[in-house]
Amino acid sequence: MKDEVRLQELADRLGTAAAERLDLERTARAVVERLRAGPRAESWTWLQPAWLRIAAAAILVIGGGLVTRAVVWHRAPGSAVVAPVGEDVTDLTTEQLREALTVLDQPISVEGAGDAGVEGLTAEELRALLQTLEG
Amino acid sequence: MPQAEPVAAPVSDAALIAAWQGGDEQAAAELVRRHARVLARFLSGAGALEADLDDLVQDTFIRAFRSVGKFRGQCQFRTWLLTIGGNVLKDAARRAKRAKLVPLEHELQATDGDPHERAVAGEAEGRMQECLRRLPRLQREVFLLRAQQGLEYQEIAAALGTTPGAARVHYHHAVKRLKEHLR
């Protein structure tokens, strides 16, 4: 019971001194001026950190997707790169090495290279492409 | 003998809100004068630094006036204002990410009373604020609305979008933890 009385006394006193020091007229004037300045501030409320974070995440996802897509499309014609990036060619079998050399001997067609799809690839090339992507 | 002028009845909050919506800036100023101190007390109790108090009070009123169309009279305007104050404080704390305690020296700025008593009172208040800050937000706000503002559970529940029973439970949890801390 004594604790509750003390708690109530503290609650009654809490913030009273700070509130008393508030200059009511100045605060009222400032609020009215800010309201007058009005809609501009309101229109910025959507630009809060949460929204900015969401926008940034969306840009990253979309941008990342576009870059990945571009890389895949560009690699597709010469996709018979047998050895995935970072792998040593000593790990390749004779058959794989031969295939890689065949691909490297082929002339690189610049025109339309970016437009080529995976339709023109052989089963072997597609497999190699998949390995590269998984690698 | 000259007759005394009749005392004008105080204008209700609802009338002032309607006047503000009709473009009367003085109505808005009157609402600020009427409720700013209570709001400041609530914010201070909820952990606002005194240095931030004026800005927080202003931000709360701005937010309230701009969304006053959403106020349906489910509770008093003042209670609704306090809940907006709670949201403003939460947003500010998230931005600042720093401790929200009223430093003791602010309490000592008061010049009345015995300095020792003031220091002891300031310490107890500081401890209570520290404990309040550690409570879950709903418990803290229910406690302040009940113990500091003297509101009924019905009114608190309407403002916070909960039931009177739940508000009562939150209050009792808060009291229990505050008692433990202040013992």
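Tutor: One term before anything else: a residue is buried if 20 or more other C-beta atoms lie within 10 Å of its own, and exposed if 12 or fewer do. Keep in mind too that this is a predicted model.

Student: OK. Which residues of α9(B) are buried?
Tutor: B:A167, B:H170, B:A174 and B:L178 are the buried ones in α9(B). Seen down the helix axis, the buried residues of α9(B) fall within an arc of 65 degrees, so they line one face of the helix.

Student: Why would residues spaced like that point the same way?
Tutor: An α-helix has 3.6 residues a turn, so residues three or four places apart point the same way.

Student: And what is exposed on the other side of α9(B)?
Tutor: B:G165, B:K176 and B:E180 are exposed there.

Student: How far does α9(B) reach?
Tutor: α9(B) has 19 residues and spans 27 Å from its first C-alpha to its last, close to the 27 Å expected at 1.5 Å a residue.

Student: What does B:A174 touch?
Tutor: Leaving out residues up to four places away in sequence, B:A174 touches B:L135, B:Q139, B:R140, B:V142 and B:F143. Take B:L135: it is 39 residues from B:A174 in sequence, yet the two are 7.0 Å apart in space, C-alpha to C-alpha.

Student: Let's zoom out. How many helices and strands are there in chain B?
Tutor: Chain B has nine helices and zero strands. Of its 183 residues, 39% count as buried.

Student: And how many helices and strands in chain A?
Tutor: Chain A has seven helices and, again, zero strands. Buried residues make up 13% of the 135 residues in chain A.

Student: How many residues are in the largest nonpolar core?
Tutor: The largest nonpolar core has 55 residues, and B:A28, B:L43 and B:I156 are among those with the most contacts inside it. Helix α2 of chain B, residues 25–45, gives the largest share of this core, with ten residues.

Student: Why does B:A28 count as buried, and what does it touch?
Tutor: B:A28 counts as buried because it has 25 C-beta neighbours inside 10 Å. Beyond residues up to four places away in sequence, B:A28 touches A:V31, A:V32, A:L35, B:W20 and B:F65.

Student: Some of those are in chain A. How many residues of the two chains are in contact?
Tutor: 34 residues of chain B are in contact with 22 residues of chain A. α2(B) gives the most to the side of chain B that touches chain A, with eleven residues. That side divides into 19 nonpolar, five polar and ten charged residues.

Student: Last topic. What confidence does the predictor give?
Tutor: For the complex, the predictor gives an ipTM of 0.77 and a pTM of 0.61. The mean pLDDT of chain B is 85, and 83% of its residues reach 70 or more. Over residues 99–113 of chain B, however, the pLDDT is below 50, although this stretch has 31 contacts in the model beyond near neighbours in sequence.

Student: What do I do with a stretch like that?
Tutor: Where pLDDT is low, the predicted coordinates should not be read in detail.

Conventions: Residues numbered from 1 in each chain as written. Chains lettered and ligands numbered in written order. Predicted model: local features only at pLDDT ≥ 70, side-chain atom pairs only at ≥ 80, totals over all residues. Core = buried A, V, L, I, M, F, W, Y, C linked by C-beta atoms within 7 Å. Helix = DSSP H or I, 4+ residues; strand = E, 2+ residues; numbered from the N terminus. Contact = placed C-beta atoms within 7 Å. Nonpolar A, V, L, I, M, F, W, Y, C, P; charged D, E, K, R; others polar. Expected span 1.5 Å × (residues − 1). Arc of directions from axis to C-beta. pLDDT = per-residue confidence, 0-100.
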